[in-house]
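Here is a short report on one protein chain.

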Amino acid sequence: DVPSNNVVLTYCYDKCKTCGGDDPILAISTPQSVSNFAVYPNPTSGNTKFAYTLEQTEQVTLNVYNMLGAVVATVYGGTQPAGTYTLEVSLANLDHGMYIYKMQVGDSSTQGQIVKQ
């Protein structure tokens, strides 16, 4: 989970696994009520799209964080009925580098990396 305030995140860039020896960093696990989850283009130079299908009505929160854990873009926050969605966020005003997205759906969440070129 991406913390909300004043936390420094540490990543291992020279390993194919996370520092704790868990699954590879690039693996994406999505909440059970979400299918067809995709983030594209990634890497990006401007806009990034989040596509997914909700199996049932859910409370959804989708944010993008910098490496210090601060929210740099709010993509969505609210209730969505079952259906297929594509949400777009502009990252054009952000510096080049790595960002983290976190999608909270009901009681579960998924997170991953976005590279801004």
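Among contacts between residues at least 6 apart in sequence, what share joins residues at least 24 apart? The value is 55% for this chain. The model is predicted.

## Overall make-up

The chain has 7 strands and 0 helices. Along the sequence the pattern reads β-β-β-β-β-β-β. Of the 117 residues in the chain, 35% are buried. The accessible surface is about 6800 Å². Carbon and sulfur atoms hold 49% of that surface.

Strand 6 covers residues 97–105, and strand 7 covers residues 108–116. The two pair in the antiparallel sense, over 9 bridges. Within this region, Gln104 stands opposite Ser109 of strand 7. The hairpin has 2 residues between the strands. Gly106 takes a positive phi there, near 60 degrees.

Gln32 is 74 residues away in sequence, yet the C-alpha atoms of Gln32 and Gly106 are 9.9 Å apart. Gln32 sits in the segment before strand 1, which spans 34–40. Is Gln32 buried or exposed? Gln32 counts as exposed because its relative accessibility is 82%, and the cut-off for exposed is over 50%.

At the other end, Gln117 lies in the segment after strand 7. Leaving out residues up to four places away in sequence, Gln117 touches Pro43, Thr44, Ser45 and His96.

## The nonpolar core

How many residues does the largest nonpolar core have? The count is 21. Phe37, Phe50, Tyr52 and Val64 have the most contacts inside this core. Six strands each supply at least two of its residues: strand 1, strand 2 (47–54), strand 3 (58–65), strand 4 (71–80), strand 5 (83–90) and strand 6. Strand 6 gives the most, with 4 residues. As background, nonpolar side chains in soluble globular proteins tend to be buried together.

## Aromatic pairs

The chain has 3 aromatic pairs. Two of them are set out below.

| Pair | Centre to centre | Angle between planes | Class |
|---|---|---|---|
| Phe50 and Tyr101 | 5.5 Å | 70 degrees | edge-to-face |
| Tyr52 and Tyr85 | 5.7 Å | 25 degrees | stacked |

The pair of Phe50 and Tyr101 links distant parts of the chain. Phe50 is in strand 2 and Tyr101 is in strand 6, 51 residues apart. Both Phe50 and Tyr101 are buried.

Why is the pair of Tyr52 and Tyr85 stacked? The planes of the two rings are at 25 degrees, and planes under 30 degrees apart count as stacked. Tyr52 lies in strand 2 and Tyr85 in strand 5, so this pair ties together parts that are 33 residues apart in sequence. Tyr52 counts as buried, at 1% relative accessibility. Tyr85 is buried too, with a relative accessible area of 18%; the cut-off for buried is under 20%.

Ring pairs also build a cluster, made of Phe37, Phe50 and Tyr101. Phe37 and Phe50 are named above among the core residues with the most contacts.

Ser33 is found in the segment before strand 1. Is Ser33 buried or exposed? Ser33 counts as buried, at 11% relative accessibility. Its side chain makes a polar contact of 3.2 Å with the side chain of Glu58. Beyond four places in sequence, Ser33 touches Thr53, Leu54, Glu55, Gln56, Glu58 and Val105.

Asn63 lies in strand 3. Asn63 is buried, with a relative accessible area of 9%. Which side chain does the side chain of Asn63 join in a polar contact of 3.3 Å? The partner is Thr74. Not counting residues up to four places away in sequence, Asn63 touches Val71, Ala73, Thr74, Val75, Ile100, Tyr101 and Lys102. One of these, Tyr101, is the ring that pairs with Phe50.

How values were computed: Residues numbered from 1 in each chain as written. Predicted model: local features only at pLDDT ≥ 70, side-chain atom pairs only at ≥ 80, totals over all residues. Heavy atoms only, no water. Buried < 20%, exposed > 50% of the residue type's maximum accessible area, 1.4 Å probe, protein only. Contact = heavy atoms within 4.5 Å. Areas by Shrake-Rupley, 256 points an atom, 1.4 Å probe, with all protein chains shown as cover. Pairing = 2+ DSSP bridges. Core = buried A, V, L, I, M, F, W, Y, C linked by side-chain atoms within 4.5 Å. Polar contact = N/O pair within 3.5 Å; in protein donor to acceptor, adjacent residues only side chain to side chain. Phe/Tyr/Trp six-rings, centres within 6.5 Å; stacked < 30°, edge-to-face > 60°.
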